[in-house]
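Here's a quick briefing to read with the model open beside you. Take a look at the fold before going on to the notes.

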Amino acid sequence: MRIPHYTATAEFTRFIRCLPKTETHLHLEGSTPIELLQELDPQRFGSPPPFWSPGFRYSSFDQFMALYEDYCQSFYQSAQRYHDAARIVLATCAEQGARYVETSFHLPGLAGVRESGPEVVAAILEAAPAGLEVRVFAGMCHNDYAAHGPLIEAALGWERLAGIDLHGPEYWRMEPWTIDVWRRAREAGKLTKAHAGEFMPAPFVRWVLDNLGVRRIEHGVRSVEDPGLVRHLARERITLDVCPISNVKLAVQGVDSMAGHPIRALFDAGVPVTVNSDDTFFFGNRLEEEYFALHQELGFSKEELARIALNGIEIALLDPARKQALVAEWRDVVTAEGLDLAVAMGSNRLVV
Ligand SMILES: [Zn+2]
């Protein structure tokens, strides 16, 4: 019942699926499988949600958040529910050729769950199909500390949690606790990320880099407004986990259409970018469609798409031997497809 945003020839689809890829910007709750919601309420979810209509764009992020609360939030009442959702979401990633996934869940949502945080993290991890590497991140908003401080502090010590991510609307006033918590998370061995440059302009990306110390920006597309920042991201190899279809659907400033998406300019300037699906329930998208979109509307060649897949492998939290094996597999696919390996490796690098 989902109408795809992009389709490709059987040959191109095969190429994208066999390319070893990553998905490093995926919200579990925002990707709740509709079949699970249908089981609970067949009446309401018997037909596609209105936001799956072709051409639908959210009027604001507030509208998006209201729909998120309405459709998905109450689903997550137990570790089992996280497991059930993750099982389908992760299998969907794997069937499209994803080999490594970073998924986040909203940490304050655990307040209504009987099991402990570590049990929820384990439930998500144990839902991964064989052969798919999964890392779980806890997301939180700038204003969550007052109500959820003890939970946030506890999460920094959860062994199986890979890291933390700053979620939520960037236009809320930043609270200073984030600076200390992000620093301590890294000291505790966690990877830190932050959403920035989606709704707020380039100076907010700089703020996040300078104050939260992250080297992974979720979205970050509005960095393109500041050429100095673009050069900095490229030089420092700070990765933007970009979600092109999401940006179009949420009418992010500067993204009037896929054909004008700034990922082309960022890629050409040497900023390491990955492509991801963000919230598959709310955008009705699949990971491979993001690759189709870049090819069809932004002229990305197969070599360039392969480079994007390699960017994801390079940032993956994998031990060196596993990463090397995945890079070798990537190289084998690129070669077997008859692509120019040097072009694939060399594109998206800063030319100085
Ligand atoms: Zn996101």
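What follows is a short tour, from the whole chain down to single residues.

This is a predicted model, in which local features need pLDDT of at least 70, side-chain atom pairs count only at pLDDT 80 or more, and totals for chains, interfaces and linings use all residues. Residues are numbered from 1 along each chain as its sequence is written.

**Overall build**

- The chain has 16 helices and eight strands; these are DSSP runs numbered from the N terminus, with helices being H or I of at least four residues and strands being E of at least two.
- The radius of gyration is 19 Å, close to the 20 Å that the globule rule gives for 352 residues, so the chain is as compact as a globular protein of that length. The radius is taken over C-alpha atoms, and the rule is 2.2 Å times the number of residues to the power 0.38.
- Laid along its principal axes, the C-alpha trace spans about 55 × 45 × 40 Å.
- Buried residues account for 45% of the 352 in the chain. A residue is buried if 20 or more other C-beta atoms lie within 10 Å of its own, exposed if 12 or fewer, and partly exposed in between, with C-beta atoms placed from the backbone.
- Of the contacts between residues at least 6 apart in sequence, 76% join residues at least 24 apart. Contact here takes C-beta atoms, placed from the backbone, within 7 Å.

**The core**

- The largest nonpolar core has 92 residues, and Tyr-82, Ile-124, Val-208 and Val-273 have the most contacts inside it. Such a core is a set of buried Ala, Val, Leu, Ile, Met, Phe, Trp, Tyr and Cys residues joined through C-beta atoms within 7 Å.
- Leaving out residues up to four places away in sequence, Ile-124 touches Leu-28, Tyr-82, His-83, Ala-86, Thr-103, Phe-105 and Val-136.

**Around strand β4**

- β4 (residues 163–166) is covered on both faces: Gly-163 and Asp-165 are buried on one side, Ile-164 and Leu-166 on the other.
- On one hand, β4 runs parallel to β3 (residues 133–140), joined by four bridges; Ala-138 stands opposite Ile-164. Strands pair if DSSP finds at least two bridges between them.
- β4 also pairs with β5 (residues 191–196), again in the parallel sense and over four bridges, with Gly-163 opposite Leu-191.

**Helix α9**

- Which residues of α9 (residues 227–236) are buried? They are Leu-229, Val-230, Leu-233 and Ala-234.
- These cover an arc of only 135° around the axis, which puts them on the same side of α9; the arc is that of the directions from the helix axis to the C-beta atoms.
- An α-helix has 3.6 residues a turn, so residues three or four places apart point the same way.
- Gly-228 and Arg-235 are exposed on the face turned away from the buried side.
- The cover over the buried residues of α9 includes α8 (202–212) and α11 (263–268).

**Positive phi**

- Most residues other than glycine have a negative phi.
- Ala-251 has a phi near 50° and lies in the loop between α10 (244–249) and α11. It counts as partly exposed because it has 13 C-beta neighbours inside 10 Å.
- Asp-278 has a phi near 70° and belongs to the loop between β8 (273–275) and α12. With 26 C-beta neighbours inside 10 Å, Asp-278 is buried.

**Two buried loop residues**

- Ser-31 is in the loop between β1 (21–27) and α2 (34–40), and is buried because it has 25 C-beta neighbours inside 10 Å.
- Beyond its neighbours within four places in sequence, Ser-31 is in contact with Leu-26, Val-89, Asp-279, Thr-280 and Phe-281.
- Ser-31 and Asn-285 are 254 residues apart in sequence but 9.6 Å apart in space, C-alpha to C-alpha.
- Arg-286 is in the loop between α12 (280–283) and α13 (287–298), and is buried with 20 other C-beta atoms within 10 Å.
- Arg-286 touches Gln-96, Ser-277 and Thr-280, not counting residues up to four places away in sequence.
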